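User: I'm new to reading protein models and would like to go through this one step by step. Could you help me make sense of it?
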Amino acid sequence: MPSMDPAGSKGSNGGPKADFFARKQRIEQQRKSLPIASVEKRLMDEVRGHDILIIVGETGSGKTTQLPQYLFNAGFCRDGKIIGITQPRRVAAVTVAKRVAEECGVEMGQRVGYSIRFDDMTSSSTRIKYMTDGLLLREALLDKYLSKYSVIIVDEAHERTVDTDVLLGILKSVQKARSGPINQLPNIDHTKANNGVVIDKENDSQRASSLNRCRGLKLSPLKLIIMSASLDARGFSEYFGGARAVHVQGRQFPVDIFYTKAPETDYLDATLITIFQIHLEEGAGDVLVFLTGQEEIESVERLVLEKLQQLPEEKRKLKVLPIYSSLPSEKQMQVFMPAPTGFRKVILATNIAETSVTIPGIKYVIDPGLVKARTYSARTGMESLVVVPTSKAQALQRSGRAGREGPGKCFRLYPEREFEKLSDSTVPEIKRCNLSKVVLQLKALGVDDIIGFDFMEKPSREAVIKSLELLTLLGALTEESRLSKPVGHQMARLPLDPTHAKALILASQFNCLEEMLIAVAMLSVESIFYAPREKLEEARTAAKCFSSLEGDHLTLINVYRASDELFEKSKIGNNREKAEKTMRKWCKENFINSRSVRQARDIHRQATSSFLGLKPKYDWQIRENVEQMGLHVASCGDDMLQFRRCLAAAFFLNAALKQPDGTYRVLSSGQSVQIHPSSVLFRTKPDCLIFDELVRTNHNYIRNVSRVDYLWLPELAPQYYTLKE
Ligand code: ADP
Ligand code: MG
C-alpha cells in the first residue's frame, strides 16, 4: 500500500495524495450509510433531553464509532470537557480509537485518543477518549467527580463484566453528586495529581476550609449513556430509575445455521476442517472463527498455514489473521484491511469479535460454541479460568456477524440439541469472580459498606465476605475493614491483582523488588513459552537453557533478562528496528512468544507513547508507581532464597503440598490440583510450592509455580498459618 505523502507533491497527478482523498471520501460515504447516521439529530436531542440515556442497537450499526463524534460536533466538549467511552476490552478501545481518529482525519492522541492499562495515547487536546472500564474506575480514584468528563458512555454494557458493573454503580453516584451542590469533598489522601505531583494529605482544618470554600458551588452535570448490543434494555433502564431507552435500527441479512450431526471430540480439528471446507467449496467472503484464547488461536494459525502448504499453489490464497487482546495493535488493525485481491481472509478471534469490534467482509462464521470464562468458588476462595459453552445470546451474536453485509452462513460445531440446552444469557461476571480487587477498589473510592453498595446485580454475600477476609489476610484492610495505611492504600494504587500488588510491596522489604517487578510483568502477559505439538521435544530442550530448579518465576526472570540483554546489545547504534528483528529471531529459536516478551518489557519499562512525545498522565508503569510510593527498588543479586521467601510471604494462600500420588493439595482450600505440564517443576515435583493461578481444563492445573519451604509459611504468614494446624 502506498504511504501517505507528507509534502503532497504528487497530489496533482494521482499518487498518494489522491489516494488519501479517495480514502477519505470512501470513509465519509461509509459513515453516512451506517444505520445510526439517519438518526443523528434525534439522538442528540435525546441526549440533551435526558441525563441518562440507554441506547441499544445491533452490532455494526455505528454506536461506538459514531456517537462520540456526533456528541463532539453537537458541542459537548465545550469548555475543554471530554467525552469518555469505556470498553470492556483493551483491544476494542485501541482499534476503535484508531478508526475514529482516521475518520476524523486527526492523529492518534490528539483530538481522539485511547487509554488502557500500560498504554496511554491521549494528550491535553484529547476530547474523545476511548478507554477500558477498569481504567475509568482507576481515574475515579484520582478524581472522585470525574470532573473533566461532560459525557461518559459505557459501551458494551450487555457484556456485564465486573468492571462495567462496578462502574455503573460508581457513575450513578458521581452523576448524583455532580447534579447537586457540593457538600462533600473528594478524598485526596494518597492520590496523585495528574502532573505527577503527589499531593500531601490535607489536615482536618485545611479540609474544612476548602469544603467551606466549595460548599454551595455546583459542578457541571454529567451525561451518562449506556450502550448495549442486547436488545433488552429493561435491566439497565430499571437500574437507572426508569431511564429512557432508545433503539437504533440495525441491518441484518439472513444467516443459515448449520450444526454437526454428533458432538465433536476435537473441536480444533473440526474447526480446521470447516475452515478448509469453506475455503475450497464456498463462494467468496471472509471467515470469522471464534476461539477461546491466544494459545488456541496461535496453534490453529500454525495448523492452517501448514495445511495450506499441502494444497496446490492456486488454492493457497487464504490469509490468516489473529485478533485477541494482547496482540500488538498494529497487528490488530490488519484484520480490518481488505484481503489482497483473490484472497480470502480467515480471522481467528476471541469473543472480542462477538460485539466489541465489527470486522467488515465476513460472510462465514465458525462457532465451536465455547468461551473462556472466569469462575469462582466462594467456598474454596479459588478463581479459575475455564472453557465453558457459550450462552444462546452469545451464539446468536456470533452467527449475526455473518449477516452484516449480505446473507451469510454460520457453522456451529455442535449438534442442534446442544444449542437448546444452552443457558439463555451469560451470568454477569460479578457473580462468578474473586471480588478482592473490586472490594479493594471500592474501599479506596470511599465505599465502606460493600454489601450495601448499589450494584445492578448483587454479588453473593459469601463472595464479598471471602474477599474481605482475603484482603484482611493480605494486610490491605484493618480489623474494622478499613483500608490500611500504608499497605492498603499502596495496594489499591497499583493496577494489579491484590496478591501481585502485595508481592511488590513485600519485595521492597525482602530486597528483591527488581526481580519481583520483572516477575509481575511477565505474569501479566499471556504465556511466554509455546510448544508446537510436532516440535515438543525441541521446544523443551530450548526452554531448558532458562529453566530454574526453583520454579517458573525465576525461569521467567531468566528469560526476561536474557531477552533484555540481547535487545540492549543489538540496539547499539540506536537501530530499534534491527534490534526488534534480532529479538524476533532469538525468540523463534527459543520457542518464546516474542509478543509476550515485548509486552512484558513495555509493562516493566516505560515504553508508553513516548515516541509520540506524549507524556503518560496516569501511573500505569508499575516501576514508576512503586518508586513514587517510596518503595526501595533493589536487586537480591544471586540470593534467590530471598526472592522465594518473598513469594511465599505474598502467595501463602496459594501454597500447596505434594500428596503421595504426586498431585497437590492447596492448603487454604483443600482442593486437589496438578502442576501444569508447561511448568519447569512438572517433573521435579517439590514437596511444597506456591502458584500464581489455577486453570481448569480437564484437570485442576496450577500454573507458574515455585518451590518454597513448608516451614516458611508459619514464619512468613503467621496471620494465617498459626490459625491452622
Ligand atoms: P457498533 O458499535 O454499533 O457495533 P461500530 O461503530 O463499532 O458499530 O462500527 C460501525 C462500522 O464501522 C462497522 O460497519 C464497521 O465495519 C466499521 N468499522 C469499525 N471499525 C473499523 C475499522 N477499524 N476499520 C474499518 N471499518 C471499521
Ligand atoms: Mg460497538
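Predicted model: local features only at pLDDT ≥ 70, side-chain atom pairs only at ≥ 80, totals over all residues.

User: Which residues are the closest to ligand 1?

Analyst: There are 15 residues surrounding ligand 1. Helix 3 (63-73) and helix 4 (90-104) are the elements that give two or more residues to this shell. As for the closest residues, they are K63, T64, T65, R99 and F336.

User: Which element gives the largest share of the shell around ligand 1?

Analyst: Two elements, helix 3 and helix 4, each give two or more residues to the shell. The largest share is four residues, and it comes from helix 3.

User: Which domains does the shell around ligand 1 draw at least three residues from?

Analyst: The chain is divided into domain 1 (26-181 + 219-248), domain 2 (255-427), domain 3 (430-493) and domain 4 (652-724). Looking at the shell around ligand 1, at least three residues come from each of domain 1 and domain 2.

User: What distance separates the centres of domain 3 and domain 4?

Analyst: Domain 3 covers 430-493 and domain 4 covers 652-724. Taken over C-alpha atoms, their centres are separated by 25 Å.

**How the helices pack**

User: Are helix 19 and helix 21 roughly parallel or roughly perpendicular to each other?

Analyst: Two packed helices are described by the angle between their axes and the distance between the axes. For helix 19 and helix 21 (residues 552-570), the angle is about 95 degrees and the axes are 9 Å apart. Angles of 65 to 115 degrees count as roughly perpendicular. Helix 19 and helix 21 are therefore roughly perpendicular.

User: Which residues of helix 21 meet helix 19?

Analyst: On the helix 19 side we find E515, I518, A519 and M522. By class, this contact has six nonpolar, one polar and one charged residues.

User: Is the crossing of helix 19 and helix 23 left-handed or right-handed?

Analyst: The axes of helix 19 (residues 513-523) and helix 23 (residues 594-604) come within 8 Å and cross at roughly 130 degrees. The two helices are therefore oblique to each other. Helix 19 passes helix 23 in a crossing that is right-handed.

User: How many charged residues are in the contact of helix 19 with helix 23?

Analyst: From helix 19, the contact uses L517, I518, A521 and M522, while helix 23 brings A600, I603 and H604. These residues divide into six nonpolar and one polar, and the number of charged ones is none.

User: What is the angle between helix 21 and helix 22?

Analyst: S563, L566, F567 and S570 in helix 21 meet K578, A579, T582, M583 and W586 in helix 22 (residues 576-589). Helix 21 passes helix 22 in a right-handed crossing. Their axes are 8 Å apart, and the packing angle is about 145 degrees.

**Backbone details**

User: What is phi of L146?

Analyst: L146 is found in the loop between helix 5 (133-142) and strand 6 (149-154). This residue is not glycine, yet its phi is positive, near 45 degrees.

Definitions and conventions
Residues numbered from 1 in each chain as written. Chains lettered and ligands numbered in written order. Axes fitted to C-alpha atoms, helices over the stretch in contact; angles between N-to-C directions. Parallel < 35°, antiparallel > 145°, perpendicular 65-115°, else oblique. Left-handed = near helix turned anticlockwise from the far one by under 90°. Contact = placed C-beta atoms within 7 Å. Nonpolar A, V, L, I, M, F, W, Y, C, P; charged D, E, K, R; others polar. Near = placed C-beta within 6 Å. Domains from an automatic or database assignment.
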